[in-house]
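Here's a friendly walk through one protein chain, a stop at a time. Take a look at the sequence and the 3D view before reading on.

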Amino acid sequence: MSSLYRSAISARAAKLPQLPPVDRNSTGGSEENEEEEDTIGDLPGSGLGPPAMPADSRSRIKRTPNPNFAAISASGYFEEALQVAIPDRNLDCRVYYSAPKSKDGTVMVCHHGAGYSGLSFACFAKEVTGMTRGECGVLAIDARRHGKTTSTEGDDGDLSIDVLVADFCATLETLFPSTQSAPTFLLVGHSMGGSVVVRSCPKILDKKYRVAGVAVLDVVEGSAIDALPHMNSLLNARPEGFDSMEEAIEWHVSTNTIQNAASARVSIPSAIQFKEGVSPAYQWRTPLRSTAPYWLSWFRGLSSSFLATRSARLLVLAGTDRLDRELMIGQMQGKFQQTVVPGVGHMLHEDDPTGLAEILVQFWKRNERVLLGIKKVGDL
């Protein structure tokens, strides 16, 4: 049984952690402070959404915002936030970036899952740059209709896989126009984003960029497609909105959608938006039900595309979810590395950013050596 299916038929609740008050003096410039005023949720283990909400918590009772769940600025997690104009895609794309200390270094390029934003990788990015002492950078991108990426044409509704892949590739080409001076990329995608980076990899390689590997986080084609019929039941369990940003963050933590409250306080303010004259006033920035026409395109063919990728391949799962037939055969043939992160939910990169950073840094170190033609004795 997939974790998404389990989520659709059972409710989970968690004790709320006692958090220290927010240090308001640690925020960055005015652009970064806006992160505290924005937010959302995504799909779990097999490819989409949060766990079902406890039935008795769905009634609307206005409460005083809990300061333990106040938003935290992203300025302490990435070196810079940029708006990147991509005229060919009619997009003004928000990216978060911590560059590697050497110009020819490696950058982990991260694509989030449905309903979230690049800031879901904020805590992970800080861990990676710390562990590698800046040798490996991190770039996290807000997809169209997510976070602070906006359309310059007014119509950015199409979230089919081909559109998302074209957006992703165009963003990298805009940021790194020269393949000669561009860093090596390690592509990292969570859930829906896993499908985007897998499909993007051959296009990026064809443009002569260097790709050290592709890492897919907590999505398996077979389980994801099996779970799709249950998605509407899952989404029916979510609140329509929230009365405050604090309530939105608290909901994600109390339902175990994000187990790490510190990460939720950074990431959720880019997934929820304030709407004047609407009740509740804090609404999902990307209502997941509106993405339903694209779910099948995200996941169909993912396994074969992953196995055909011309780079090192890593699948990281949040639990012992079953592999589909193609992946099972591929694993027996040693075509990819698989790792399970214990004690986490679908948002494994937020729940345990340190653990995931350790896995991906080791993956980077091993495959960066292979890319450079250096193979340490004893390495597989």
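## A buried glycine to start

Let's begin with G115, which counts as buried because its relative accessibility is 0% (buried means under 20% relative accessible area, exposed over 50%, partly exposed in between, using a 1.4 Å probe and protein chains only). You'll find G115 in the loop between β3 and α3. Helices (H or I, at least four residues) and strands (E, at least two) are DSSP runs, numbered from the N terminus. G115 and W284 are 169 residues apart along the chain, yet their C-alpha atoms are separated by 8.1 Å.

A quick word on where this comes from: this is a predicted model, where local features need pLDDT of at least 70, side-chain atom pairs count only at pLDDT 80 or more, and totals for chains, interfaces and linings use all residues. Residues are numbered from 1 along each chain as its sequence is written, and side-chain values use heavy atoms, with hydrogens and water left out.

Now step back to β3, residues 106-111, where 6 of the 6 residues are buried. In a regular strand, side chains alternate between the two faces of the sheet. Here both faces are covered: T106, M108 and C110 are buried on one side, and V107, V109 and H111 on the other.

Which strands does β3 pair with? One is β4 (residues 136-141), running parallel to β3 and joined to it by 6 bridges; two strands pair if DSSP finds at least two bridges between them. T106 has C136 as its bridge partner in β4. Another is β6 (residues 184-190), also parallel to β3, again over 6 bridges, with V109 partnered by L187.

Between β3 and β4 comes helix α3 (residues 122-131), and the three make a right-handed β-α-β unit. Right-handed means that, with the strands pointing away from the viewer, the path from the first strand over the helix to the second runs clockwise.

## The greasy middle

V109 turns up again in the largest nonpolar core, which has 55 residues; V109, L139, F168, L187, I204, W298 and L315 have the most contacts inside it. A nonpolar core is a set of buried Ala, Val, Leu, Ile, Met, Phe, Trp, Tyr and Cys residues joined through side-chain atoms within 4.5 Å. Apart from that core lies another, of 37 residues, with A122, A125, A318 and I359 among them.

What does L172 touch? Leaving aside residues up to four places away in sequence, L172 contacts V109, L139, F185, I204 and Y209 (contact means heavy atoms within 4.5 Å). L172 sits in helix α4, residues 161-175, and is buried because its relative accessibility is 2%.

## The listed active site

UniProt, in an unreviewed entry, lists S191, D218 and H346 under "active site"; such annotations may be inferred rather than shown by experiment, and the positions are given in the numbering used here, with feature names shortened. These residues spread over 156 residues of sequence but cluster in space, the largest C-alpha distance being 8.4 Å.

S191 lies in the loop between β6 and α5 (192-206), and D218 in the loop between β7 (211-217) and α6 (221-227). S191 is buried at 0% relative accessibility, and D218 is buried at 2%.

Finally, 3 strands form an open antiparallel sheet in the order β8-β10-β9. Its edge strands are β8 (241-242) and β9 (272-274), each pairing on one side only. β9 joins β10 (residues 282-284) over 3 bridges, and I272 stands opposite W284 in β10.
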